[in-house]
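Have a look at it first, and then we'll go through it piece by piece.

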Amino acid sequence: MKINFSYSILLSLILTACSKKESVDPEPQIYQFAVPANFPRPVFDIENAMTREGIELGRMLFYDVRLSGNNKVSCASCHDQKLAFSDGKALSNAGVSGTILHRHAPALVNLAWANNGLFWDGGATNLESQAFGPLTASDEMHQDLFELVDELNAVPEYVKQFDLAFKDQISSQNIVKALAQFQRTLVSANSRYDKFKRNEAEGNLSSMELRGLELVRQKCQSCHTGELFTDNAYHNNGIDADFSNDQSEGLFQGRFRISYNPADMGSFKTPTLRNAALTAPYMHDGRFTKLEDVIDHYSGEIKVSPTLDKTIPTNGFQFNPDEKKAIMAFLNTLTDEEFVTNRELSRP
Amino acid sequence: MKRIFIFAIAALIFTSCDNNDDSTEIQPVENAKTTITFDARVGNADFALNKDFTIGTRTYNFSKLRYWVSNVTLIDSKGAEYLIPDSYYLMEEVGDLNLSGTISDKLTYPARKRESIDVEDIPAGEYKSIKFSIGVDSKHNDNLSLQSGELSIANGMSNIAWMWHTSYIFSSVAGIVKEGTTSADFLAETGLNANYKTVSIDFAAPVNFSTAKGVVLNLDVTKIVDGIDLIKTPKVNAAQAEVMSALATNYGSKAMTFGSIAN
């Protein structure tokens with residue numbers, strides 16, 4: 001019966017081909033990442049294949065306050081599912097130290113496609129490396145990584161789940177791998193706009209929403225590109241003009257602090273427009289409370305500086321009131337109720 | 001159809017492994033072991049911490065010297081390469097380092113002098129040269145979750161601080177430099193993928209590791225600081241891109257030379 005190799009045996013071979021430790025436990029099941037029909041293919045990190053067990057483990061960790069030094073803060077404290085995994089605050093003080101963070105917590109949406117850096121300035125290259133940031137930062141989870149491993153080892157469920165997912169012990173590397181796997185399942189692709197694009201039931205857009213879509217495609221597309229509504233790149237969108245403050249290791253200078261390229265002065269990563277209605281306040285410091293403020297900004301409040309992106313006119317896009325309303329209406333069609341209520345992404 | 005699928009999978013099995021053992025054209029007849037030493041020196045003197053050295057017109061007193069050596073490859077007389085698996089080594093000479101607040105509230109990295117690496121399972125043969133890199137290759141530098149060799153975020157040779165580029169620090173040298181009445185506390189570090197440097201060094205004569213006990217390479221610290229004005233730029237890091245790149249080039253192009261073969 002050798003011909004009757006099942007795919008799962010073959011797949012499990014892939015996983016064991018490199019593992020040093022022999023184990024009799026069942027192999028983790030490869031997770032079939034479903035790419036939404038209107039989305040591009042994501043680029044995966046092959047060194048951390050997604051498995052059902054790994055994702056489940058990542059989900060347990062994401063919601064677990066044990067990940068913080070005082071056992072009170074979890075990733076979800078600042079990344080709340082009902083707000084598309086953002087936190088509703090301009091600058092959070094939900095971290096262990098209770099001090100105010102320097103930057104706004106972004107929504108965690110479609111991270112499987114975020115292949116050009118994470119954080120507002122792209123300081124982390126992938127989700128695996130990124131997670132060490134919040135875990136160790138004193139104003140966030142302030143966790144001692146040695147203690148974290150000890151704490152998780154005291155929980156039999158975790159010992160079992162790490163073994164199932166990685167056939168390995170609990171380690172800080174496996175913790176960030178599991179978190180990354182879970183975060184790659186945060187796919188938002190079932191808004192009314194998506195249903196419209198895929199010609200699905202309930203996929204109707206009103207004429208005003210269609211007008212808004214057209215405007216967004218004309219004016220915003222250069223950065224909020226394609227179906228992801230982001231180009232994953234860094235731009236100065238004219239919210240500030242003076243970047244001479246180089247305090248806090250260049251915090252206010254955006255991408256420049258990572259690239260040291262003068263052209264990147266004041267550039268920040270384009271956030272997706274998906275679920276924008278849920279992710280107020282807006283921008284890297286949460287300075288705009290309402291979406292209307294954002295549209296007013298692009299319409300006529302652009303601050304001009306040498307690095308202002310060329311696709312934004314120095315006097316703004318000069319939208320008339322109807323156009324503003326249309327853009328607002330369209331942005332609201334990007335809200336994905338299924339995403340923010342999906343039980344598979346909720347606290348386990 | 002199925003066959004094609006199986007072939008594709010088989011290819012995956014082989015490619016899913018770490019790339020480290022794909023240069024094994026040399027058949028191991030009788031595997032040998034050896035010690036590769038990176039002997040830190042200041043010109044002709046042995047490198048030491050907390051001791052004054054004169055380099056040019058300046059006096060240096062070092063408090064640390066650390067750098068990653070990676071992807072060490074031995075090249076035989078036919079040109080075949082043997083890449084030592086998982087070869088990521090932290091070479092260093094440091095006093096107690098206070099790493100509190102990095103990944104642990106209280107963390108002291110104990111004083112250590114490490115100049116040698118032990119290598120086993122070298123396929124038999126005559127080797128004419130060695131190749132290695134200073135720093136960590138982009139694949140591992142960009143992903144702190146990959147485990148290989150001595151790579152770790154627990155030894156203070158990585159950046160994981162909140163909102164800073166998460167990656168490894170390739171090299172780090174610190175101390176005090178004086179010239180006349182001016183002096184500066186310096187900390188000169190390299191990092192970032194562009195500054196990953198590969199060094200090739202020929203042995204004076206072909207080496208057979210079944211008899212040779214070891215190879216000594218010299219790291220000359222005077223060459224590391226050559227042309228770098230540490231009084232003017234005492235903190236060299238990503239914010240001083242040009243100086244950092246010059247420093248990395250020094251490591252890659254002139255600081256390392258052949259020393260001797262220990263028989």
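## The cytochrome c span

In residues 207–335 of chain A, the end C-alpha atoms lie 18 Å apart, and the span is 34% helix and 3% strand. UniProt lists residues 207–335 of chain A as "domain: Cytochrome c", in an unreviewed entry. UniProt positions are given in the numbering used here, with feature names shortened, and annotations may be inferred rather than shown by experiment.

Some ground rules before we go on. This is a predicted model, where local features need pLDDT of at least 70 and side-chain atom pairs count only at pLDDT 80 or more, while totals for chains, interfaces and linings use all residues. Residues are numbered from 1 along each chain as its sequence is written, chains are lettered from A and ligands numbered from 1 in the order in which they are written, and side-chain values use heavy atoms, with hydrogens and water left out.

## An annotated binding site

Staying in chain A, UniProt has another unreviewed entry to look at: the feature "binding site" is placed at Cys75(A), Cys78(A) and His79(A). Cys75(A) sits in helix H3, which covers residues 75–78 of chain A, and Cys78(A) has its place in helix H3 as well.

Are these two cysteines buried or exposed? Cys75(A) counts as buried at 13% relative accessibility, and Cys78(A) is buried too, with a relative accessible area of 11%.

## Salt bridges

Side chains of opposite charge can pair when their charged atoms come close. How many salt bridges does the structure hold over all chains? There are 30, each being a side-chain nitrogen of Lys or Arg within 4 Å of a carboxyl oxygen of Asp or Glu. One of them pairs Lys195(A) with Glu338(A), with the closest N and O atoms 2.8 Å apart. Lys195(A) lies in helix H8 (residues 192–197) and Glu338(A) in helix H14 (residues 337–341), both of chain A, so this pair ties together parts that are 143 residues apart in sequence. Lys195(A) is buried at 12% relative accessibility, whereas Glu338(A) is partly exposed at 39%.

Chain B has its own examples. Lys131(B) and Glu81(B) form a salt bridge whose closest N and O atoms are 3.1 Å apart. With Lys131(B) in strand E11 (residues 126–134) and Glu81(B) in strand E5 (residues 81–83) of chain B, the pair ties together parts that are 50 residues apart in sequence. Both partners are partly exposed: Lys131(B) at 24% relative accessibility, Glu81(B) at 31%. Glu150(B) and Arg114(B) also meet in a salt bridge, at 2.8 Å from N to O. Glu150(B) belongs to the loop between helix H2 (138–141) and strand E12 (158–159) of chain B, and Arg114(B) to strand E9 (residues 112–114), 36 residues apart. Here Glu150(B) is partly exposed at 29%, while Arg114(B) is buried at 13%.

## A cavity in chain B

Arg114(B) turns up again in the lining of the second largest cavity, alongside Phe38(B), Ala40(B), Leu65(B), Tyr67(B), Met91(B), Glu92(B), Glu93(B) and Glu115(B). Strands E1 (32–42), E4 (58–76) and E6 (88–94) of chain B each give two or more residues to that lining, and E6(B) gives the most, with three. The lining residues divide into five nonpolar, no polar and four charged. (Ala, Val, Leu, Ile, Met, Phe, Trp, Tyr, Cys and Pro count as nonpolar, Asp, Glu, Lys and Arg as charged, and the others, Gly among them, as polar.)

A cavity is a set of points, on a 1 Å grid over the protein atoms alone, where a 1.4 Å probe fits but cannot get out, and lining residues have an atom within 4 Å of a point.

Terms used
On a 1 Å grid over the protein atoms alone, a cavity is a set of points where a 1.4 Å probe fits but cannot get out, and a pocket is an open set with protein on both sides within 12 Å along at least five of seven lines; lining residues have an atom within 4 Å of a point. Helices (H or I, at least four residues) and strands (E, at least two) are DSSP runs, numbered from the N terminus. Buried means under 20% relative accessible area, exposed over 50%, partly exposed in between (1.4 Å probe, protein chains only).
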